[in-house]
Amino acid sequence: MPPFHLARSLLACATLAFTLAACSPASEDATSKTLNIAFWGDNTTLVSVDPFQVYWLEHRVLLRNVAESLTDQDPATGRIIPWLASSWEVSDDALQYTFHLRQDVSFSNGERFDAQAVKNAFDSNKAFAAQLPATFGATYLAGFDHAEVVDPFTVRLVLSRPNAGFLQATSTTNLAILAPASYALSAQERSLGKIIGTGPFILEHYTPEVGARLVKRADYAWASANVKNPGAAHLDRVEISYIPEESVRNGLFLQGKADILWPRNPFSEVDLKLFQAKGATIQSRSLPGPALNLYPNTRNDRLLGDRQVRLALQKAIDRTSYAHTVYNAEFPVVTGVYDVTTPYFKPQADKLAYDPQGAERLLDAAGWSKGDDGYRHKDGKRLTLRYNLTPAESAGDVLVQDQLRKVGIDLKLNVLTRAEWVAGNASGNYDLTSTYMTRADPIILQTILDPRAASSATLATNTYEPHTLAKAQTLFDNGITATRDEQRAQAYGQLQDLLVDEASAFPLYERVWQAATAPRVKDFRWTAEGFAFLSDIQVAQP
């Protein structure tokens, strides 16, 4: 490690001493089993660890181990399995979900987990969503009308309209059940860590942009079948720190001050080799939901309103080169508009094959001719596309810019602040933009590409030509109202075909989340959402 990186890492250890317990080992019991996790930076615009409000991936890792859900999702098959509910029935019209609850569960403050607690959680979340419809959890609650207590350990959740993703939603962190005492507090208090769950850990404290501490719950005994350890956690505590600077995070890990290095972006090939040389294991899983896609603006006489130009752009992107150049030779090449861990994923590898000659032919046919400068021109205008991105351009962005230049497309990388990026999407002031959400159900794409549900209706509308928008919305409706798996598979398969065939989405790469675990860390396993059950993890004593 370069000396200046080492110095910065040592400084970080000093300043983060109260969140990285390993920086002050003398303060710990010698027999205490502590896991130190170094995450990427905290969310500075929407600070919240309340399950219903949260969307930050790192917060959801924390929450998965504090607050539990009615169901869970098998990470290998996508199948919904029991958790706090031991069984359930769904009515033929898919409007009533009756859950039979476990009777041996309690919240960490001693309150009983029962049907009334579930009703309280869902009713409280519905009221919050009515006040703030843009809350991330509101999309998971779509169609929910009310909850009925059938008996002390049976609860019925009633929808006003079908939502084929609702059962999966009950498995997520966003619809995790908190104790009634938590909902007696304000949303702001919950956001800052006043949450009480049924999980194997208790959130002792959360300090925004600094860190959090989880402590073991000794009487825990109702794990999901996804968890290997059915009882209390092997760990006594988990120390979480948020460290935005890569060199500082890496330095702490290499010095043994962090047991799990968990950044947002995948590791470079250089870092992979460095960590593996130190005995680290690289844990990898594609995050469910859409891949990292670029979305076009086809409206208001924008250049990408021409389908031939869009199809040319689709062919001009070399996705294999992207994966292997930006990341490493083993990094998976994106093959569709969803990541492969998303239920009903349909591969589109053939349609996404690199074909620069085909791109050139399409641009020629569309009337765009190459000039002496190497770029395409038509009616005295250069074929220039403006790509809005935040917070900074990446090596991958520059690579795509170079790939498009080879067929004569001038891609301008327009780096914006987060606020400017949001405003640009809302006003349609772009040719290309990108965004993503994470959820292990294809319904999540509606929050990006269906104007009726999207966080940015303008972005969703602009993605399609008018006739394509109508087709996409029909397929979204078919997917959300389906009552059988084969119906959902057909609807979402056709939707994926449509998005690629019309070049309404340009997949760039699989959103692979990676963590490096130190040699002393054993039994790290991914959840379906791309998180981890920390109660399974064991650490060897130093």
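## Exercises on a predicted model

R285 is buried yet has no salt bridge. The model is a predicted one.

**Exercise 1. Find which side chain of opposite charge is nearest to R285, and what the side chain of R285 reaches instead.**

Solution. 
- R285 sits in strand 12, residues 281-286.
- Look for opposite charge. The nearest such side chain is D74, 7.5 Å away.
- Apply the cut-off. A salt bridge needs a side-chain nitrogen of Lys or Arg within 4 Å of a carboxyl oxygen of Asp or Glu. R285 has no salt bridge.
- Look at the backbone. The R285 side chain reaches the backbone oxygen of P75 at 3.0 Å.
- List the surroundings. Beyond its neighbours within four places in sequence, R285 is in contact with residues including P75, T341, R511, W513 and W526.

**Exercise 2. Decide whether F113 is buried or exposed, and name residues in contact with it.**

Solution. 
- Locate it. F113 is in the loop between strand 5 (96-101) and helix 3 (115-131).
- Check accessibility. The value for F113 is 0%, so F113 counts as buried.
- Collect contacts. Leaving out neighbours within four places in sequence, they include L70, L84, L101, F107, F153 and I177.
- Compare with P343. F113 and P343 are 230 residues apart in sequence, and 30 Å apart in space, C-alpha to C-alpha.

**Exercise 3. Describe how strand 4 and strand 5 are joined.**

Solution. 
- Count the bridges. Strand 4 (residues 85-90) and strand 5 run antiparallel, joined by 5 bridges.
- Pick a pair. S87 has H100 of strand 5 as its bridge partner.
- Trace the connection. The two strands form a hairpin with 5 residues between them. A94, in the turn, has a positive phi of about 60°.

**Exercise 4. Examine the backbone at N300, D301 and P391.**

Solution. 
- Recall the background. Most residues other than glycine have a negative phi, and most peptide bonds are trans.
- Take N300. Its phi is positive, near 55°. At 70% relative accessibility, N300 counts as exposed.
- Take D301. Its phi is positive, near 60°. At 79%, D301 counts as exposed.
- Turn to P391. The peptide bond from T390 to P391 is cis, with omega near 0°. P391 lies in the loop between strand 17 (384-389) and helix 12 (395-405).

How values were computed
Residues are numbered from 1 along each chain as its sequence is written. This is a predicted model: local features need pLDDT of at least 70, side-chain atom pairs count only at pLDDT 80 or more; totals for chains, interfaces and linings use all residues. Side-chain values use heavy atoms; hydrogens and water are left out. Helices (H or I, at least four residues) and strands (E, at least two) are DSSP runs, numbered from the N terminus. Buried means under 20% relative accessible area, exposed over 50%, partly exposed in between (1.4 Å probe, protein chains only). Lys and Arg count as positive and Asp and Glu as negative; His and the chain ends are not counted. A polar contact is a pair of N or O atoms within 3.5 Å; within protein, one must be able to donate a hydrogen and the other to accept it, and residues adjacent in sequence count only if both atoms are side-chain atoms. Contact means heavy atoms within 4.5 Å. Two strands pair if DSSP finds at least two bridges between them.
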